[in-house]
Amino acid sequence: MKDRIRTIRTGLGLTQKEFAARIGTSQNVLANYETGRRNPSSSVINNICKTFHINEPWLRAGEGPMSAEVGMEQKIIAWVKNIFAKEEMTFQKRFLQMLMGLDGAKWELLEEMMQNTMGNLPGRRLPQEQENLTVSDAEAAYIKSRSKSAARAASPVSSITEEGGSAAQKKKID
């Protein structure tokens, strides 16, 4: 386990002090784990796995993949925590604070504005369709929506280039 703990820490580019702080222990205790003088408790192992998304069987015994699967909700939580961990008031922090203040009607308005700006948003499906949605389906819907908007954007240009130019251009030439 000592080598696997060191592998996680060095793979993340963290010092012993930084890694120890993130799992709630001291640099000296972590050094003892990495040298094998001490074994981490179950709570420390749990902290390592949760904090760095490590597969517990891999950490304990080297079994299975190193990384644990991370769901969308966990990714969003980690992203928001990272934004709010910064002391300065960033655009991201202000934007998230604004989103937290939206009520149902304002969320609907925001969605409508996005629809008007971007066209049909991929992944917007009826509840019964959402259950069967796969990543491939979502990607296909996105590509389809982007190709439609590209065709709409290209249509004025194509009318100019077809048959030697637009009616206005032909009138000027005559």
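**Entry 1. Fold and ground rules**

I read the chain along its sequence and noted the pattern α-α-α-α-α-α-α-α-α-α-α. I counted 11 helices and 0 strands, taking helices (H or I, at least four residues) and strands (E, at least two) as DSSP runs numbered from the N terminus. I record that this is a predicted model, in which local features need pLDDT of at least 70 and side-chain atom pairs count only at pLDDT 80 or more, while totals for chains, interfaces and linings use all residues. Residues are numbered from 1 along each chain as its sequence is written, and side-chain values use heavy atoms, with hydrogens and water left out.

I then looked up burial for the whole chain: of its 174 residues, 19% count as buried. Here buried means under 20% relative accessible area, exposed over 50%, and partly exposed in between, with a 1.4 Å probe and protein chains only. For contacts (heavy atoms within 4.5 Å), I considered those between residues at least 6 apart in sequence and found that 32% join residues at least 24 apart.

**Entry 2. Aromatic pairs**

I searched for aromatic pairs and found 2 in the structure. Phenylalanine 19 and phenylalanine 52 form one of them, stacked, at 4.7 Å centre to centre with 5° between the planes. This pair joins distant parts of the chain, with phenylalanine 19 in helix α2 (residues 16-23) and phenylalanine 52 in helix α4 (residues 42-52), 33 residues apart. The criterion pairs rings of Phe, Tyr and Trp (its six-membered ring) if their centres lie within 6.5 Å; planes under 30 degrees apart count as stacked, over 60 as edge-to-face and the rest as tilted. I checked burial as well, and both phenylalanine 19 and phenylalanine 52 are buried.

**Entry 3. The largest nonpolar core**

I next examined the largest nonpolar core, which has 17 residues; Ile5, Ile8, Phe19, Ile48, Phe52, Ile54 and Leu59 touch the most other members. At least two residues of this core come from each of α1 (2-11), α2, α3 (27-35), α4 and α5 (56-61). Helix α4 gives the most, with 5 residues. A nonpolar core is a set of buried Ala, Val, Leu, Ile, Met, Phe, Trp, Tyr and Cys residues joined through side-chain atoms within 4.5 Å.

I listed the neighbours of phenylalanine 19, not counting residues up to four places away in sequence: Ile5, Ile8, Arg9, Leu14, Leu30, Ile48 and Phe52.

Isoleucine 23 is likewise found in helix α2. I noted that isoleucine 23 counts as buried because its relative accessibility is 3%. Leaving aside neighbours within four places in sequence, isoleucine 23 is in contact with Val44, Asn47, Ile48 and Phe52. Its C-alpha atom is separated by 9.1 Å from that of lysine 50, 27 residues apart along the chain.

**Entry 4. Helix α3**

I looked up the buried residues of α3 and found Val29, Leu30, Ala31, Tyr33 and Glu34. What covers them includes α1, α2 and α4. Asparagine 32 is also found in helix α3. Setting aside neighbours within four places in sequence, I found asparagine 32 in contact with Arg37 and Arg38. Asparagine 32 and lysine 2 are 30 residues apart in sequence and 8.7 Å apart in space, C-alpha to C-alpha. Just after α3, glycine 36 takes a positive phi of about 85°.

I located histidine 53 in the loop between α4 and α5. Its phi is near 55°, a positive value in a residue other than glycine. Histidine 53 counts as partly exposed because its relative accessibility is 26%.

Arginine 60 is placed in helix α5 and, at 37% relative accessibility, counts as partly exposed. Leaving aside neighbours within four places in sequence, arginine 60 is in contact with Met1, Arg4, Ser42 and Ile45. I noted that arginine 60 and lysine 2 are 58 residues apart in sequence and 9.7 Å apart in space, C-alpha to C-alpha.

**Entry 5. The largest pocket**

A pocket is an open set of points on a 1 Å grid over the protein atoms alone, where a 1.4 Å probe fits, with protein on both sides within 12 Å along at least five of seven lines; lining residues have an atom within 4 Å of a point.

The lining residues include Arg22, Phe52, His53 and Lys81. Helix α6 (72-85) and α4 each supply at least two lining residues, and α6 gives the most, with 6. I recorded the division of the lining as 4 nonpolar, 4 polar and 3 charged; Ala, Val, Leu, Ile, Met, Phe, Trp, Tyr, Cys and Pro count as nonpolar, Asp, Glu, Lys and Arg as charged, and the others, Gly among them, as polar.
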